[in-house]
Amino acid sequence: MENLLDPTVVLLLIALPFCIWAAISDLRHMKIYNKTTLGLFLAFAVVGLLLFPLDLYALRIAQAALMLAVGFLLTAFGYMGGGDSKFIAAMAPFIALGDAPMFLMLLAALSLLTVALHRGIGAIGAFKPYLAGWKSWQVGGKFPYGVTLSASLACYLLLQAGNAS
């Protein structure tokens, strides 16, 4: 029972529904909705106060603010979609600052994997009837990066929760 109260397990349980929803909405509509991003951030804002000392909580909120600023710049210059930028900012407090290099390696690996899977599934004719209404398989050259972001956060939190036990 004490493992369920571990902060990483709590963060995983809180983030997972938002990750799943962001991935599905990005696949279906090529959008990560503001309510999803705001929900993820507010979930951390509330629960984080209970899980972390105030100085660590403030640092994690500052991470979100920094990532939002960087994301807006990347979006303004056309390097990233606005939904992705906001989702990255909402994800940021869930990731310990010291784990940033490991998280970035995980993100890179899952970028390759999710792009390959998305392209591969889209190329299989037997799946085409099931993907007909899903926008991500209808727009050429674009990839729903929310899938990768969501998978990366979920995998990171799963790995951290596994290390906590």
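Leucine 159 is partly exposed, with a relative accessible area of 44%, where buried means under 20% relative accessible area, exposed over 50% and partly exposed in between, for a 1.4 Å probe and protein chains only. The residue is found in helix 7, helices being DSSP runs of H or I with at least four residues, numbered from the N terminus. Between leucine 159 and threonine 8, which are 151 residues apart along the chain, the C-alpha atoms are separated by 9.1 Å. The structure is a predicted model, in which local features need pLDDT of at least 70 and side-chain atom pairs count only at pLDDT 80 or more, while totals for chains, interfaces and linings use all residues. Residues are numbered from 1 along each chain as its sequence is written, and side-chain values use heavy atoms, with hydrogens and water left out.

Helix 1 (residues 7-29) and helix 2 (residues 34-51) pack with their axes 10 Å apart and at an angle of about 175°; the axes are lines fitted to C-alpha atoms, for helices over the stretch in contact, and angles run from 0 to 180 degrees between N-to-C directions. The two helices are therefore roughly antiparallel to each other, given that angles over 145 degrees count as roughly antiparallel, those under 35 as roughly parallel, those from 65 to 115 as roughly perpendicular and the rest as oblique. From helix 1, Pro7, Val10, Leu11, Ile14, Ala15, Phe18, Trp21 and Ala22 meet Thr36, Gly39, Leu40, Ala43, Phe44, Val47 and Leu51 of helix 2, contact meaning heavy atoms within 4.5 Å. By class, this contact has 13 nonpolar, 2 polar and no charged residues, where Ala, Val, Leu, Ile, Met, Phe, Trp, Tyr, Cys and Pro count as nonpolar, Asp, Glu, Lys and Arg as charged, and the others, Gly among them, as polar.

The loop between helix 1 and helix 2 holds methionine 30, a residue that has a positive phi of about 55° although it is not a glycine. Methionine 30 is partly exposed, its relative accessible area being 21%. Lysine 31 also lies in the loop between helix 1 and helix 2 and, at 46% relative accessibility, counts as partly exposed. When residues up to four places away in sequence are not counted, lysine 31 touches Ser25 and Asp26. Lysine 31 and tyrosine 145 are 114 residues apart in sequence, and the C-alpha to C-alpha distance is 9.6 Å.

Lysine 135 is found in the loop between helix 6 (128-131) and helix 7 and counts as partly exposed at 39% relative accessibility. Neighbours within four places in sequence left aside, lysine 135 is in contact with Leu27, Arg28, His29 and Met30. From lysine 135 to aspartate 26 the C-alpha to C-alpha distance is 8.5 Å, across 109 residues in sequence. Histidine 118, found in helix 5, counts as buried at 6% relative accessibility. Residues up to four places away in sequence not being counted, histidine 118 touches Leu27, Ser136, Trp137, Phe143 and Pro144.

Helix 4 is mostly covered, with 8 of its 10 residues buried; these are Gly83, Asp84, Ser85, Phe87, Ile88, Ala89, Ala90 and Met91. Among the elements that cover the buried residues of helix 4 are helix 1, helix 2, helix 3, helix 5 and helix 7.

The largest pocket holds about 330 Å³ of space. On a 1 Å grid over the protein atoms alone, a pocket is an open set of points where a 1.4 Å probe fits, with protein on both sides within 12 Å along at least five of seven lines, and lining residues have an atom within 4 Å of a point. Grid points are joined across faces, edges and corners, and a volume is the space filled by probe spheres set on the points. Of the 15 residues that line the largest pocket, Met67, Ile88, Ala92, Ile95 and Phe103 are the closest to its centre. Two or more lining residues come from each of helix 3 (54-76), helix 4 (82-91), helix 5 (100-123) and helix 7 (145-164), and the largest share, 4 residues, comes from helix 5. The lining of the largest pocket divides into 14 nonpolar, 1 polar and no charged residues.

The second largest pocket, with a volume of about 180 Å³, is lined by Asp26, Met30, Lys31, Ile32, Gly81, Gly82, Gly83, Asp84, Phe143 and Tyr145. Helix 4 gives the most to this lining, with 3 residues. By class, the lining of the second largest pocket has 4 nonpolar, 3 polar and 3 charged residues.
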